[in-house]
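Let me put the structure up, and then I'll walk you through a few places in it.

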Amino acid sequence: AMAPLPSTVAAVQIGKTGGIEVLEYKTDVPVPKPKEGEVLVKNEYIGVNYIDTYFRSGLYPAPSFPYTLGREASGVVTAVGSGNVHNLTVGDRVAYLSTSAYASYTAAPALHTIKIPDEISTQDAAAALLQGLTALTMIREGHHVRKGDFILVHAAAGGVGLWLCQLLRSVGARVIATASTKEKLDLAKKNGAEFLVNYSHEDVKEAVMKHTNGAGCIAVLDGVGKSTFDQSLECVARKGTMVSYGNASGAVPPVTIARLSGKNVKLLRPTLFNYITTRDEFETYSNELFQFVSRDKLDVRVHEVYPLSESARAQEDLEARKTTGKLLLKP
Ligand code: NDP
């Protein structure tokens with residue numbers, strides 16, 4: 001039997017936008033009630049993602065205040081709402097994408113909640129889901145990567161970056177990885193990168209042209225944004241694709257489309273959510289990701305598991321570029 005639900009739960013909320021000082025750890029937040037199509041999950045591991053810092057800083061607007069941060073977690077279903085809950089039942093071990101994940105309990109949309117296969121731990125599932133799905137959808141739909149493709153991956157030792165390196169190796173692509181330190185580049189190499197560029201002091205375009213015989217990369221996967229965009233565009237091959245999927249260094253300023261004509265470049269600014277909007281899309285990609293993890297023995301690298309009460313330290317480390325792989329919070 002499940003333990004009875006508490007009346008209040010712990011959560012990290014913001015009352016206004018700003019630096020890490022606006023993160024408030026509270027222990028008296030009312031327990032959420034699962035609405036139609038939702039499941040209540042007792043969170044065991046909560047994923048920290050760069051997007052959490054955008055909502056905190058105001059780069060992305062919060063719908064209202066107080067706002068509970070967090071986009072993914074894993075744990076156990078403790079109650080189900082009415083309507084279609086996609087066959088989920090109390091006691092299921094699940095991972096999900098939702099808002100309000102920085103909490104001990106979250107009412108998550110069943111549509112974006114998936115049972116964790118037995119061979120994958122609850123910790124690994126939370127560490128894999130959002131960043132792994134991002135990497136997987138970007139290499140399928142941002143640019144459908146084929147064996148032998150040269151792909152430039154920025155911030156290759158980060159959360160999404162290490163997934164990209166590993167998944168691209170699995171599909172036989174040739175990865176040119178950038179990162180800011182030698183340690184990070186070594187890690188990218190261990191995870192499948194073939195060529196390494198330290199973009200804090202090396203010329204990225206020069207390195208890319210050298211490794212690709214002057215052709216450039218058929219796709220550039222750029223989650224760094226402002227500081228790398230111009231260089232990334234120079235690294236794309238003729239008829240190649242520039243996938244600008246993030247803004248860790250700041251938002252990319254408006255782009256004049258005439259710049260794409262020099263090489264007939266395709267430019268995308270995709271979000272994971274718009275690739276997994278339907279249950280079928282979410283389930284298909286999630287199951288494929290889990291299969292990659294178990295079958296290809298992918299390394300689910302966790303930088304640190306921080307107590308939920310220390311989410312400020314986690315975000316500080318992430319923004320200071322001190323981390324590799326995944327940061328998790330534990331309620
Ligand atoms: P990471 O773990 O990759 O952390 C960000 C990394 O970016 C840093 O470690 C750092 O690596 C690099 N970086 C370069 N310049 C800066 C800077 N000025 N400030 C901070 N970091 C910088 O984070 P995530 O894996 O969570 O996310 C990576 C990117 O992917 C983010 O932009 C995020 O928004 C985006 N994203 C987009 C999604 C989408 O749906 N479009 C979904 C998920 C993530 P180094 O030191 O090597 O430069």
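Let's begin at R313, which counts as partly exposed at 31% relative accessibility. Please keep in mind throughout that this is a predicted model. What does R313 form a salt bridge with? The partner is E304, and the closest N and O atoms of the two are 3.0 Å apart. E304 also counts as partly exposed, in this case at 26% relative accessibility. There is a further member here, as E304, E310 and R313 are linked in a network of salt bridges.

Are the two residues buried or exposed? With a relative accessible area of 44%, K115 is partly exposed. D92, on the other hand, has a relative accessible area of 12%, and because the cut-off for buried is under 20%, D92 is buried.

The other one is local. The side chains of K182 and D186 meet in a salt bridge at 2.9 Å, N to O. Both residues lie in helix 4 (residues 182-190), four residues apart, which is about one turn of the helix. K182 is exposed, with a relative accessible area of 54%, whereas D186 counts as partly exposed at 38%.

Now for a histidine. H112 is found in the loop between strand 7 (105-109) and strand 8 (113-115). With a relative accessible area of 6%, H112 is buried. So what surrounds H112? Setting aside its neighbours within four places in sequence, H112 is in contact with A95, Y96, L97, F273, I276, T277, R279 and F282. For a sense of scale, the C-alpha atoms of H112 and P307 are separated by 25 Å, and the two residues are 195 apart along the chain.

Let's zoom out to the domains. The domain assignment gives domain 1 as 8-129 + 274-330 and domain 2 as 146-269. Their C-alpha centres lie 27 Å apart. In the contact, domain 1 takes part with 19 residues and domain 2 with 20 residues.

How much area is buried between domain 1 and domain 2? About 1400 Å², with carbon and sulfur atoms giving 58% of that. As for salt bridges across this interface, the rule finds zero. Polar contacts are another matter, with a count of eight residue pairs between the two domains.

And which helices supply the side of domain 1 that touches domain 2? Helix 1 (50-57), helix 2 (122-142) and helix 7 (279-295) each supply at least two residues. Helix 7 gives the largest share, three residues. By type, the residues on that side of domain 1 divide into 12 nonpolar, three polar and four charged.

Technical notes
Residues are numbered from 1 along each chain as its sequence is written. This is a predicted model: local features need pLDDT of at least 70, side-chain atom pairs count only at pLDDT 80 or more; totals for chains, interfaces and linings use all residues. Side-chain values use heavy atoms; hydrogens and water are left out. Domain bounds come from an automatic or database domain assignment. Contact means heavy atoms within 4.5 Å. Buried area is the accessible area (1.4 Å probe) that two parts lose on being put together, summed over both. A salt bridge is a side-chain nitrogen of Lys or Arg within 4 Å of a carboxyl oxygen of Asp or Glu. A polar contact is a pair of N or O atoms within 3.5 Å; within protein, one must be able to donate a hydrogen and the other to accept it, and residues adjacent in sequence count only if both atoms are side-chain atoms. Ala, Val, Leu, Ile, Met, Phe, Trp, Tyr, Cys and Pro count as nonpolar, Asp, Glu, Lys and Arg as charged, and the others, Gly among them, as polar. Buried means under 20% relative accessible area, exposed over 50%, partly exposed in between (1.4 Å probe, protein chains only).
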